[in-house]
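Visitor: I have a model open and would like to learn how to read it. Could you take me through it feature by feature?

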Amino acid sequence: MDFTHPDTWMRRALALAEQARPISPPNPAVGCVLVSPSGELVGEGHTQAVGQAHAEVMALRDAAARGHATAGTTAYVTLEPCAHQGRTGPCCDALVAAGVTKVVASLQDPNPRVAGQGFARLRAAGVEVVVGPGAAAARELNIGFFSRMVRGVPWVRLKAAASLDGRTALPNGVSQWITSEAARADGQVWRARADVVLTGIGTVLQDDPMMNVRLPDAARQPALVIVDSQLQTPPGARLWGVGGRRVIVYTAVADPARQQALQTLGARVVRCADERGKVDLATMLKDLARHETNEVHVEAGHKLNGSLMRESLVDELLLYQAPKLLGDGAGIAALGSFSTLDQAPEWVWRDIQPIGPDLRLRAVMAGRDHF
């Protein structure tokens with residue numbers, strides 16, 4: 001690998017940002033590399049857990065630990081250095097104080113508290129700023145953060161496992177296991193990436209799942225959200241056995257006794273009903289965004305999947321397809337009937353990968369990338 005080429009340093013910064021993703025939410029995952037005028041690595045780092053140091057500060061600390069001077073260095077960073085006093089101090093000021101003379105950044109920060117101010121302060125201090133290298137990869141790493149900042153809602157990724165003919169379960173409800181162990185392990189990685197795992201009361205009552213991340217090196221447990229219109233979540237369900245996890249129940253009814261029972265178990269219960277007496281799903285997503293949720297990972301039945309899709313609330317499909325034909329049975333989503341093909345929602349393929357004997361298909365709703 002040619003470490004004298006600028007693209008190499010940005011790729012290294014992106015790799016560091018990838019390491020930050022399991023621990024950084026609700027902050028974006030950012031990587032930073034400091035390079036000397038002669039092209040030598042001076043220091044590197046990535047965003048730490050919320051309230052702790054950002055990538056730029058970690059890179060400066062790493063340089064100090066290595067005994068390297070930072071004056072005259074170039075910082076390769078995957079997102080605009082922050083310019084506001086939040087849980088930590090402004091990173092742009094730290095770079096200026098360290099004598100950094102050039103900043104190469106992938107993207108401008110969509111956070112209104114930053115949004116170009118970091119670049120402006122760097123330039124005002126005489127630092128050269130270049131924006132753009134690695135932009136697509138940096139945005140993909142933080143697609144949920146961008147969604148929350150720009151649209152006011154999290155990025156919603158719906159995961160399903162299906163046969164070649166699109167069945168997610170047999171007519172009797174049996175669905176374990178359509179896909180391979182390799183596909184299920186890969187699904188755990190995507191579940192771990194999310195801030196919230198979302199399911200419906202039908203899945204809770206039928207399968208009694210724990211809905212937790214079962215990876216041995218999991219850095220955290222995403223919050224669990226249950227869409228439960230009639231407040232039927234059982235206090236004895238297995239999902240309550242996952243320690244250290246937040247549980248949020250969205251409901252459409254006022255039932256003080258049931259609500260108190262769930263709150264006693266530590267749940268946050270939110271009532272948000274639509275005109276049909278169901279949970280208002282769009283309002284639910286806005287509420288999750290207000291509570292700093294970047295990515296929602298949906299693992300639900302065909303009814304809730306269909307409701308989310310009919311309301312155009314799903315941004316991305318994560319579909320594991322097994323080389324099997326199941327015939328009759330449940331589909332991925334209950335979308336109802338269309339009379340013309342142009343009524344069908346359109347999706348754009350993002351990625352197709354073999355996972356063991358199965359395929360992992362990723363698709364984004366057409367036009368949803370442009371925000």
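Visitor: How far apart are the mean positions of the positive and negative charges of the chain?

Guide: For this reading, Lys and Arg count as positive and Asp and Glu as negative, with His and the chain ends not counted. Each charge is placed at NZ of Lys, CZ of Arg, CG of Asp or CD of Glu. Here the mean positions of 38 positive and 37 negative charges lie 4 Å apart. Before we go on, note that this is a predicted model, where local features need pLDDT of at least 70, side-chain atom pairs count only at pLDDT 80 or more, and totals for chains, interfaces and linings use all residues. Residues are numbered from 1 along each chain as its sequence is written, and side-chain values use heavy atoms, leaving out hydrogens and water.

Visitor: How many helices and strands are there in the chain?

Guide: Both are DSSP runs numbered from the N terminus: helices are H or I of at least four residues, strands E of at least two. The chain has eleven helices and 16 strands. Its radius of gyration is 23 Å, close to the 21 Å from the globule rule for 371 residues, so the chain is as compact as a globular protein of that length. That radius is taken over C-alpha atoms, and the rule is 2.2 Å times the number of residues to the power 0.38.

Visitor: Which residues touch the most other members of the largest nonpolar core?

Guide: A nonpolar core is a set of buried Ala, Val, Leu, Ile, Met, Phe, Trp, Tyr and Cys residues joined through side-chain atoms within 4.5 Å. Buried means under 20% relative accessible area, exposed over 50%, and partly exposed in between (1.4 Å probe, protein chains only). In this core of 38 residues, the answer is V33, L34, V103 and L122. Helix α1 (residues 6-20) gives the most to this core, six residues. Apart from it lies another core, of 30 residues, including L198 and Y250.

Visitor: Is T73 buried or exposed?

Guide: T73 is buried, at 1% relative accessibility, in the loop between α2 (55-66) and β3 (74-77). Contact means heavy atoms within 4.5 Å. Leaving out residues up to four places away in sequence, T73 touches L34 and K102, among others.

Visitor: Where is H302?

Guide: H302 is in helix α11 (residues 302-310) and is partly exposed, at 32% relative accessibility. The C-alpha atoms of H302 and L335 are separated by 8.6 Å, though these residues are 33 apart along the chain.
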